[in-house]
Structures are given as structure tokens and as C-alpha cells.
Amino acid sequence: MTARRLSAAALAAAAIVGAVALPASAADHARPDRTKVEISAVQYDAPGWDDRSRRSLNKEWVELTNTSRRTVNLDGWTLKNEDGDTYTFDHYRLEGRATVRVHTGRGHDSDSDLYMDRHDEVWDNHSDTATLRNDHDRFIDDESWGHHRHGGDHHGGHGGGHHH
């Protein structure tokens, strides 16, 4: 009876350890490829007149949302258009469940707004793709409008931009 109890206790302990260890190790392996940052909205056509003023340029933006609970360090990540114009994140951490808006023009960076400090529009009003890559140049997300060349979400491009 004692040997049987010991063996039953050992099997029960192994089952508990196995149940706890498997999901944790599976989550660890999945984490690097399952970044929870996505392009949540793009306003590629600034409302009003495109006069290259700071106000006009800052109405052109790409929004990124961290859908996880953990803070993500975006240092070295890039946001790029089809022409190769690139914005590189510098010492920025996106809090869990938070959104940051990356404006084309100049301004003072904050937790919720970053600025590319450009003097010209970056996003083409008729067709373009915003591509987000991490600090290892791995594809994270993209958003396209005006054409059907890429595999992400596609939407026609008129008016004030696109939200999804």
C-alpha cells in the first residue's frame, strides 16, 4: 500500500509540474515572434490644405497600439513608407495597452505623441504602405491604402485617412 501511495503521489506531482511547466515554456518560445504592437490607425491625408506647415504635417500620422499588458521597448524599431523614408524610434517604451501617435512634422515628444521632425509629407495620399519593423529588422505589421500590392489590410484612399 505504501509503495502504491508513493507512486500515485509522484505521478500526481509530475502531472501538476507538467501542467504548470508546459504553458510557461510554450509562452517563452512564442514571445519573440508574437509582438503585440500593431499599426492601429493611419491618417495619411491631413485634413485641410497640404501646405507643409507644422500644423498640416502634424495632422498626418501613424498610430501604434501595444495590445499586451507588458511595456515594449521600441528603441531601434522603424516605421517606413514605400519610398524608403524611415523614422527610427529612439529610447521609447510603449506602455501596455497604450497607443502612440507618430506625427510627420515637428513637435515635442511625449508618451502619447512622437514627431518625425520632417518638413515634407511622408505618407502618399493616393497609395502607400506604412511598415513597422523591430530592432532586428523583423516585420511586425503594415498598413496599405490605395492599391493591392501587399498582404496586409487594404483600403481605398480618399478623405481623412483610414482607421481599422
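Reply: Let's start with L79. Leaving out residues up to four places away in sequence, L79 touches I39, V62, D85, T86, Y87, F89, V102, M116, W123, T131 and L132; touching, or contact, means heavy atoms within 4.5 Å. Before we go on, a word on what you're looking at. This is a predicted model, where local features need pLDDT of at least 70 and side-chain atom pairs count only at pLDDT 80 or more, while totals for chains, interfaces and linings use all residues. Residues are numbered from 1 along each chain as its sequence is written, and side-chain values use heavy atoms, with hydrogens and water left out.

Back to L79. It is one of the residues with the most contacts inside the largest nonpolar core, alongside L64, L74, F89, W123 and L132. That core has 24 residues. By nonpolar core I mean a set of buried Ala, Val, Leu, Ile, Met, Phe, Trp, Tyr and Cys residues joined through side-chain atoms within 4.5 Å. Buried means under 20% relative accessible area, exposed means over 50%, and partly exposed is in between (1.4 Å probe, protein chains only). Two or more core residues come from each of β1 (37-43), β2 (61-66), β7 (99-103), β9 (128-133) and β10 (139-145). The biggest giver is β1, with three residues.

Now zoom out for a moment. The chain has two helices and twelve strands, and from the N terminus they run α-β-α-β-β-β-β-β-β-β-β-β-β-β. Helices (H or I, at least four residues) and strands (E, at least two) are DSSP runs, numbered from the N terminus. Of the 164 residues in the chain, 34% are buried. Take the contacts between residues at least 6 apart in sequence: 51% of them join residues at least 24 apart. The chain exposes about 10,100 Å², and carbon and sulfur atoms supply 50% of that; the areas come from the Shrake-Rupley method with a 1.4 Å probe, and for residues only the protein chains shown count as cover.

D141 lies in strand β10. D141 is buried but has no salt bridge, and R133, the nearest side chain of opposite charge, is 11 Å away. A salt bridge here is a side-chain nitrogen of Lys or Arg within 4 Å of a carboxyl oxygen of Asp or Glu. For charge, Lys and Arg count as positive and Asp and Glu as negative, with His and the chain ends not counted. What D141 does have is a side chain that reaches the backbone nitrogen of I39 at 2.8 Å.

As for R133, it forms a salt bridge with D137, the closest N and O atoms being 3.9 Å apart. R133 counts as partly exposed because its relative accessible area is 26%.

There are four salt bridges in the structure. Another joins the side chains of R101 and E63, at 2.8 Å from N to O. This pair links distant parts of the chain, with R101 in strand β7 and E63 in strand β2, 38 residues apart. E63 is buried because its relative accessible area is 16%, while R101 counts as partly exposed because its relative accessibility is 27%.

The side chains of R52 and D120 also meet in a salt bridge, 3.1 Å from N to O. R52 is in the loop between β1 and α2 (54-58) and D120 is in the loop between β8 (113-115) and β9, so the pair ties together parts 68 residues apart in sequence. R52 counts as exposed because its relative accessibility is 52%; D120, at 38%, counts as partly exposed. R52 and D120 are also linked with E121 in a network of salt bridges.

One last stop is S68, in the loop between β2 and β3 (72-73). S68 is buried because its relative accessible area is 16%. Neighbours within four places aside, S68 is in contact with K36, G96 and R97.

Terms used
A polar contact is a pair of N or O atoms within 3.5 Å; within protein, one must be able to donate a hydrogen and the other to accept it, and residues adjacent in sequence count only if both atoms are side-chain atoms.
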